[in-house]
Amino acid sequence: MTKPAKPVKFSRPESFEVALTELESIVVEMEAGQMPLEASLSAHKRGAELLQYCQSKLRDAQQQVRLLEADTLKNFSPPGIDDR
């Protein structure tokens, strides 16, 4: 009789770049088609978690850009226009 698989605890990535690199590595391994079923399931789960993390970081960055652009557009006055 086989033992039930223990749930794997994944650590949170230290940065967007680290998460993206790990996600790309998982994709390459899975596309090779040489992983056993259990490893494929675990890799898929980890990939889904990394994708969610990356999407969240990108949404946060987009929001920051929107805020910066809104502030820049409000307070921007090109040099030389008032000098005429």
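Predicted model: local features only at pLDDT ≥ 70, side-chain atom pairs only at ≥ 80, totals over all residues.
Arg 46 belongs to helix H2, which covers residues 37-75. With a relative accessible area of 7%, Arg 46 counts as buried, since the cut-off for that class is under 20%. Leaving aside residues up to four places away in sequence, the contacts of Arg 46 are Phe 10, Ser 11, Pro 13, Glu 22 and Ile 26.

Ile 26 leads on to helix H1, where Ala 19, Leu 23 and Ile 26 are the buried residues. Viewed down the axis of H1, these buried residues fall within an arc of 60°, so they line one face of the helix. An α-helix has 3.6 residues a turn, so positions three or four places apart point the same way. On the face of H1 turned away from the buried side sit the exposed residues Glu 17, Val 28 and Glu 31. H1 itself runs over residues 16-32, and its 17 residues reach 25 Å from first to last C-alpha, close to the 24 Å expected at 1.5 Å a residue. After H1 comes Gly 33, with a positive phi near 70°.

Turning to the whole protein, its secondary structure amounts to 2 helices and 0 strands. Of the 84 residues, 13% are buried. Among contacts with a separation of 6 or more, 76% join residues 24 or more positions apart.

Technical notes:
Residues numbered from 1 in each chain as written. Heavy atoms only, no water. Helix = DSSP H or I, 4+ residues; strand = E, 2+ residues; numbered from the N terminus. Buried < 20%, exposed > 50% of the residue type's maximum accessible area, 1.4 Å probe, protein only. Contact = heavy atoms within 4.5 Å. Expected span 1.5 Å × (residues − 1). Arc of directions from axis to C-beta.
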